[in-house]
Amino acid sequence: MIHAVSQFAYLVGTVLFIFALHFMNSPKTARRGVYCGVLAMLLAVLATWIQPEIVNHLWIIVAIAAGFIVGVPLSRVPLTAVPQRTALSHAFGGLAAGLVGTAKYYLWVSEGPEQLTTFRMTAIVAEIILGYLTLTGSLMAAGKLQEIKWIPQRPVTYPGQNIVNIGLLVVAVLMGVYLIGNPTGPWAGVLFPLIIVLALAFGVMLVIPIGGADMPTVISILNSYAGLAAVAMGFVLDNKLLITAGALDGSSGLILSIIMCRAMNRSFANVLFGAFGKVQTVKAGTEQKVYKPETAEGAVQVLEQSSLVVIIPGYGMAVAQAQHRVRELYDQLRKRGISVKFAIHPVAGRMPGHMNVLLAEADIPYDDLVEMDEINPDMPQCDVALVVGANDVVNPAARYDKASPIFGMPIIAADKAKTVYAIKRSKNPGFAGIDNELYFQDKTFMLFGDAKAVIGDLVKQLAHGGGGH
Ligand code: NAP
């Protein structure tokens, strides 16, 4: 009876996980997606806990308490730290899979070789390789994103790197194949821990040649590895929910990686084996680059006379937490009959959907959030492009400068607008570490300062009928 109840709960859990992913397709329903996922996870834990084989409840309570102690602070990190937080979650997933595979192997060895069937050994080998490489790969990715001092931020490359990396993986897989055929053979005691060491090393080697700009894509690839490790764990534990949830996780991670590669105009292999995102110093140009600072009052005069204003938010809006001021500006402009749209670049900010989340928090209607491909054809009709703490995603060098680390990445065509106002605090470059020629164009004016303060000023001017009108 208990078995039937738990199997039914697993089925409901699977359906809820599928709905969770479906609801994540739109910001409007994303919250519902999160609730579905939480409910599915709760069901999975309870349905497993009620199994009659589970006799020692104390360890489960200890594990749940440990999960709370680690999980609650992790859920409170600022939005800008979510990519590294996500990487940490994948590391925990990889570790769990690796440990379950290790424990099961030694348990079955002690129970007798008949337990170590080819099927089980294949699942265990897949689980430990994927699990442990996900652990160290994700820790490296989290460390790079968190800019931890002793982890090199720049891509670390050396000749023959891909051969070494692939060689490492091939050796681990070959050892695994041997172990599948001889699970308790003479070499098994050495090979099993050696595979773990190679998988851990491979995870590190996989991530060190990858630069910051590709880190989000790598994190979704590691997400997909964690999912596949969970599938293998499902086979080891004979747990159907783990198999289906792992497959959903694995495939959605893969799809997200492909979408992000497309957004960055990069091939999948290039992300994995290239050293994209190298921070390059800009060669000193012969021409003098001059910024034209502008005041809020001056900007308001032009804004008031516009028909179409396109706001282009970037990482700086997140840093300044300026989204609520942006909403006030949107309201002020709309009150004057000015059409206002938001141009959303797929990799603006530091995580997929970063801008959508912030603007949704400020209750900006979704219909006014326009994807890059849709807004770009309208940019020549745009009177003012207001860049709010964005840099790389509006850098025209991405179109033609082959030496630029962002070459090939599609950008929002702010440079096609009639006038550009750019809000940033200083002359510092953005994530890719390169100058932005948009800021030196004749039509561009800089509003230097913190985005929240500058937009606050614009709103104040508009509210008090500023700008000389
Ligand atoms: P960006 O190139 O990093 O530029 C952000 C700009 O915001 C900076 O130039 C900075 O200039 C300004 N800024 C920072 N704090 C500010 C504040 N308080 N007020 C006003 N301005 C502020 O950002 P982006 O244009 O959004 O491009 C995103 C970059 O991150 C891309 O290169 C992308 O590949 C990469 N990336 C994306 C993701 C993702 O999934 N979305 C993840 C990781 C990396 P000042 O210092 O002068 O103020």
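Q: Hi! At what angle do the axes of helix α4 and α7 cross?
A: In this predicted model, the axes of α4 (residues 82-111) and α7 cross at roughly 175° and come within 12 Å.

Q: And what does that say about how the two are oriented to each other?
A: Angles over 145 degrees count as roughly antiparallel, so α4 and α7 are roughly antiparallel to each other.

Q: What about α5 and α7, how do their axes cross?
A: Helix α5 (residues 118-145) and helix α7 (residues 188-207) have axes that come within 7 Å and cross at roughly 35°.

Q: Is that crossing left-handed or right-handed?
A: The crossing of α5 and α7 is right-handed.

Q: Which residues are involved?
A: On the α5 side, they include I124, I128, Y132, L133 and M140. On the α7 side, F192, I195, I196, L200 and F202 are among them.

Q: How many of the residues in that contact are nonpolar, polar or charged?
A: The contact of α5 with α7 has 16 nonpolar residues, three polar and one charged.

Q: Changing topic: what's the strand order in the sheet?
A: The order is β3-β2-β1-β4-β5-β6, in an open sheet of six strands with parallel pairing. At the edges are β3 (369-371) and β6 (444-448), each pairing on one side only. On average, neighbouring strands are turned by 25° against each other, direction ignored.

Q: How many bridges join β1 to β2?
A: Four bridges link β1 (residues 308-313) with β2 (residues 339-344), and these strands run parallel. If you want a spot to look at, find V310, which stands opposite K341 in β2.

Q: Which strands does helix α11 touch?
A: Helix α11 (residues 296-304) packs on the sheet and touches β1, β4 (384-388), β5 (419-424) and β6. The direction of α11 makes about 145° with that of β5.

Q: And which ones does α13 touch?
A: Helix α13 (residues 323-335) packs on the sheet too, touching β1, β2 and β4. Its direction makes about 145° with that of β2.

Q: Last one: where is the pLDDT below 50?
A: Over residues 275-286, though, the pLDDT is below 50. That stretch has 30 contacts in the model beyond near neighbours in sequence. Where pLDDT is low, the predicted coordinates should not be read in detail.

Conventions:
Residues numbered from 1 in each chain as written. Predicted model: local features only at pLDDT ≥ 70, side-chain atom pairs only at ≥ 80, totals over all residues. Heavy atoms only, no water. Axes fitted to C-alpha atoms, helices over the stretch in contact; angles between N-to-C directions. Left-handed = near helix turned anticlockwise from the far one by under 90°. Contact = heavy atoms within 4.5 Å. Nonpolar A, V, L, I, M, F, W, Y, C, P; charged D, E, K, R; others polar. Pairing = 2+ DSSP bridges. Parallel < 35°, antiparallel > 145°, perpendicular 65-115°, else oblique. pLDDT = per-residue confidence, 0-100.
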